[in-house]
Amino acid sequence: MTPTRTSPGAGPTRFAPSRLLFGGDYNPDQWPREVWDEDIELMTRARVNTVTLTVFSWSRLEPAECVYDFAWLDEAIGLLTDAGIGFFLSTPTASPPPWFTLAYPEAMPVRQDGTVLSHGSRDTYAISSPAYREACRRIARVLAERYGEHLGLRGWHVHNEYGTLDYGPNAAQAFRSWLRARYGTVEALNEAWTTSFWSQRYSSFEEVRPPLITQYLDNPAHAVDFRRFNSDEMLAAMREQRDEIRATGSTAPITTNFMLPTWNHLEQWTWAEELDVVSVDHYLDTAGPDGEAHVAYGSDLTRSWAGGDPWVLMEQNARGIITADRTYAKTPSRMIRNSLGYIARGSQTSMFFQWRASTGGAEQWHGALVPHAGGDDELFAPVVELGRILEAISEVTEPPTGGPLHPADVGILWHADAWWTLETPSMPHDGLTYRDEVRAAHRSFWREGIATDFVRPGADASRYRLLVIPALIAMSQQTAAWLTDYVETGGRVVVTYLSALTDENQRVGLGGYPAVLRNLLGITVSELLPLAPQETVHLEDGSLVTDWVERVRLTHASALTCYQDGPVAGRPAVTSASWGRGTAVYLSARLVQEDRDAFLLRQAQEVGVGPVLPGASELGIEAVWRRGAAADYLFLLHHGETDAIVWGDGTDLVSDTPVNSGLRLEAGGVGVVRVATATGLEVKTAASFEKYRQT
Ligand code: GLA
């Protein structure tokens, strides 16, 4: 018999399971039945308490239209439940079965070049196809009716990584409706899209098409609106499934997994408002040391999208780091440090893709918690160790009753519009991406051990002493007014090159860049000057610049430093203007990372913001506060190479030892210290600690 929820709990506003959730995508339908018992045994050994089921199981769940097969899933859920293992249940709509695409060929996505895609992979759906949407609603409802009140259900995982763009007839029709709602009249659209250029003027909405491949450059406003439309359209599809699930009475929290970092098809701030809990899939994109900064970036973004609340890491890779042409090994120590890195910044889970490495199929070489070598291999030992650690630190899941989960004084502005605008072709420098610019700013603070949040334009930013605006290229008057208010009331903004070059319709403001911010910043930029690939420029303070400089004229700002050489030698490079009770700083030059670090550190110091644990980042130790209900926790992730000692008033939960006489943090190791609020800790290398103790 299926256990059911006895008391319907409301979908939580803060996702706070009683312990950290540990596990991953589990696909029993891809394995013979005899493997399932071993799965349960290994899960129990590793203290796995949660799996994600049915992410791509549509063809097994509904082998023919409206014909369902739940026997295998009932049995798998029964085994899991008996072992005390809960599950996220996914609606399998990211991978429509072959019968569906043959019956409804109009539901196949069309590429920008007009190619109609075929089934045989995954994510082949036209999001605006009525037949597809209907089939999605149906399978969501049927699953929710059957499993929606199951006691083991930890949450609904709607779809998987929404992201297929469709340029076909279904999309064309839906895009036109979206444009009608946005612009009202075709004249307003013509104005917003500057269609007088190249004779693109539309006489009716019927003439508008998705931005299919055309002879030469796209209209940038057309391209960006299509991306916005797609995000809204996929959100509407997600909402339909969510509402079907809710209509059955299921009260389990509902999420859909976002994806970082390489592509971005969603405007996540709006999406997050529609979810009970925000979740993300995060994969390292480098095998180098920057991977750790990347974990922090993904975590800070996701927590920020979640409004500062706890969130779910739905997927990470257990052993591999997949780059363009090969997969590098992820060491066990890195796997554990990364897992704690997400949790330090608000994740309530450590979930992986996937539980068991596949023998066949497209991702047979993708790492998994259980390797091809099997659960008795030494490779499984770190998984067991992670399970132990997660159980030992589980008390961190209870969020504080007031105040932020992750205190930060620095905010970084983030909006998908800037990503999409910078992707339009024929920018002054097509090599500069929003992703790289935002990460460069975030990386600087991470390297200095300074906590950061991401901020939605227009949000309440009063708790941040410093707001950094990297490359927010398309900026509305409203966003500019909001920034001006922020500075007027005492905040400091640092605006970088590539910001506010256009309004929200990708139209350049006249009179000099960055049009809507000129007044606040006290400068006018008359010329954008991308550098040649190997060209460098110096600033008078010694900083090195690549890729981008600008011709800046001061109006009421003063220069903090000037260009020493290059095309605008002698002109201001970094400026500062007082405005109301605050300060507006402008960076016109693309500083190399080390000089950007120093510049942003100075800005933080000037407003009294420092590292979480002074001295830690110099030793390669990442120190992160996570606040809890009864205590605060200092996560210590040692990415460096020399053993260190941390001491103060608290207890390390990983080793269950008090730290007042010194906690040894081995290179590559982790600690999670429960401390009384505001209690200071100190850190030194192990060698200097010995000397310190003797004096
Ligand atoms: C995504 C998907 C998973 C898997 C991983 C591989 O995140 O959700 O199903 O394909 O990528 O990295």
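Q: Which residues touch the most other members of the largest nonpolar core?
A: This is a predicted model. A core here is a set of buried nonpolar residues joined through side-chain atoms within 4.5 Å. The largest one has 167 residues. Leu340, Trp414, Val493 and Phe635 touch the most other members.

Q: Which helix gives the most to this core?
A: Helix α5, residues 130–147, does, with 10 residues.

Q: What does phenylalanine 635 touch?
A: Leave out residues up to four places away in sequence. Phenylalanine 635 then touches Leu340, Ile343, Ala344, Ile393, Val396, Glu622, Ala623, Val624, Arg626, Gly671 and Val672.

Q: Which residues does the second, separate core include?
A: That core has 17 residues. Leu165, Phe175, Trp193 and Phe205 are among them.

Q: Is serine 339 buried or exposed?
A: Compare its relative accessibility with the cut-off: buried means under 20%. Serine 339 is at 0%, so it counts as buried. It lies in helix α11, residues 332–344.

Q: What does the side chain of serine 339 join in a polar contact?
A: The side chain of serine 350, at 3.3 Å. Serine 339 also touches Gln316, Phe352 and Leu386, again not counting residues up to four places away in sequence.

Q: Which residues of α17 are buried?
A: Start with the general idea. An α-helix has 3.6 residues a turn, so residues three or four places apart point the same way. In α17, the buried residues are Gln593, Arg596, Asp597, Phe599, Leu600, Gln603 and Ala604.

Q: What covers the buried residues of α17?
A: The cover includes helix α14 (434–448). It also includes strands β14 (466–469), β15 (492–496), β20 (558–562), β21 (572–579) and β22 (582–587).

Q: Which glycine follows α17?
A: Glycine 608, with a positive phi near 80°.

Q: How many cavities of 30 Å³ or more does the structure hold?
A: Rolling a probe the size of a water molecule over the atoms shows where empty space is left. In this structure there are 6 such cavities.

Q: Which residues line the largest cavity?
A: Arg19, Leu20, Phe22, Arg47, Asn49, Gly387, Leu390, Glu391 and Ser394. Helix α12, residues 381–392, gives the most to this lining, with 3 residues.

Note on methods: Residues numbered from 1 in each chain as written. Predicted model: local features only at pLDDT ≥ 70, side-chain atom pairs only at ≥ 80, totals over all residues. Heavy atoms only, no water. Helix = DSSP H or I, 4+ residues; strand = E, 2+ residues; numbered from the N terminus. Buried < 20%, exposed > 50% of the residue type's maximum accessible area, 1.4 Å probe, protein only. Polar contact = N/O pair within 3.5 Å; in protein donor to acceptor, adjacent residues only side chain to side chain. Contact = heavy atoms within 4.5 Å. 1 Å grid on protein atoms, 1.4 Å probe; cavity = no way out; pocket = protein on both sides within 12 Å on 5 of 7 lines; lining within 4 Å. Points joined across faces, edges and corners; volume = space filled by probe spheres on them.
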